[in-house]
Amino acid sequence: MNIPSGNALDSTTTNNAATPDGPSSYGYTAEVARYFDDHPCPEATGCGRVVRVDRNRLLVAAADGLLHLPYPLDGEVAATGDWVWLGPNRAGDRQILAVLPRRSELSRKRAFEDSSAGQVLAANMDTVGVVVPVDRPLTHNRLERTLVAAWDSGATPLVIITKADLAQVADDVVGKVILQAAGVEVVTTSAENGDGIDELMAHIPPGGTIVLLGPSGAGKSTLINALVGRQVQHTGPVRAGDFKGKHTTTSRELVPLANGTVLMDTPGVRGFGLFDAEDGMGEMFGDVEELAARCRFADCGHGNEPGCAVREAIEGGALTDRRWKSYLKMQRELAALARRSDVAAQRAYYREWHQKVVSVGKSQRWAEREVAEKQDRAGGKRRRRTR
Ligand SMILES: Nc1nc2c(ncn2[C@@H]2O[C@H](COP(=O)(O)OP(=O)(O)OP(=O)(O)O)[C@@H](O)[C@H]2O)c(=O)[nH]1
Ligand SMILES: [Zn+2]
């Protein structure tokens, strides 16, 4: 049976998937619906998203609410954020029939093992927020390494500066962050006084999923609480399988926000970049660059050219399609950023963020800059996102 996408998430429900705990609260957008259409599962009666992975079971948002379901039968590994097809098993109980291919993933690559054997920590994030606090000096290369890990995941990185209310130490750090961020978008926030929170939300695509990475004490929990507000305490009743009588309370790792954004609060993922992204850009995608260098033509577009080592590697399974796409995405975005980062633009960019940070301080300077900023805004001179 085929599920018409977008309007009927589960044929067992006549209600149009409006359950607060249904997939539509967990990032099920029109785009995701198309993605399900592209990966049909004939036996499926509905779809869902993995909200949390437990030792024995998965918490899944289905059209009729949150369910505890066993792991997929065929041994497929599911991760928080996965999109799944649901349907009855032989006994008639609801079961995960298939896990859709991930469009992005963070995986912990194990030493001495094939990298494909890495443990997937989070799936299908749109934005990876790289959290940088201003209350400590930037560690050499850490930001770059974390950004590369973010690019490698297939999602789009966003640098989130935290604790900008500590203005006396902020200026220096923000300037360095902007330089190290190599043009990746930067937002400056303070959970303390609420500055920059709306702007941060505006950087996440509608219905998009964001995960935060950063060192201990960077302010991730505080930021999450600011984003979630009261909702973080909210936990709904959960049914085990289809046994409607069984109710348990649970915490979630995917947290739906009121505006449709999904926050991924996965403890195992938080410090991720710090342990896994030991290497710089070249190292991280070194294998891909090596492959590209082996193509017969130096200017190979990796399309239909004869002797294309990249295409061969993808077809032979040595290079995953997702990883190749991540690489292309990073190249594309960095190229676009390089185009706009002539010296003048860089200075303006720096000045704007510098001003922002100063403006969240509580000094006389703050008052003056705030006025200047407001005038700028009124003049329509604010930098606009280019995407
Ligand atoms: N001044 C100021 N302090 C903040 C802000 N955000 C967080 N802090 C403080 O920074 C400290 C660490 O914040 P957390 O949110 O616990 O940091 P974390 O990144 O979640 O840390 P881990 O849980 O160890 O990963 C706490 O003492 C917070 O009160 C902020 O916007 N301004
Ligand atoms: Zn090629």
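What pLDDT does the chain average, and what percentage of the residues score at least 70? The average is 75, and 66% of the residues reach that score; pLDDT is the predictor's confidence in each residue, from 0 to 100. This is a predicted model, in which local features need pLDDT of at least 70 and side-chain atom pairs count only at pLDDT 80 or more, while totals for chains, interfaces and linings use all residues. Residues are numbered from 1 along each chain as its sequence is written, and chains are lettered from A and ligands numbered from 1 in the order in which they are written.

Next, select residues 353-367. Here too pLDDT stays under 50, with 35 contacts beyond four places in sequence.

Now show the whole chain as a cartoon. It has 13 helices and 15 strands (DSSP runs numbered from the N terminus: H or I of at least four residues for helices, E of at least two for strands).

Select ligand 1. Of the 16 residues around ligand 1, Ser-216, Gly-219, Lys-220, Ser-221 and Thr-222 come nearest; a residue is near if its C-beta atom, placed from the backbone, lies within 6 Å. Helix α5, residues 220-228, gives the largest share of this shell, three residues.

For the complex, the predictor gives an ipTM of 0.95 and a pTM of 0.70.

Notes:
Contact = placed C-beta atoms within 7 Å.
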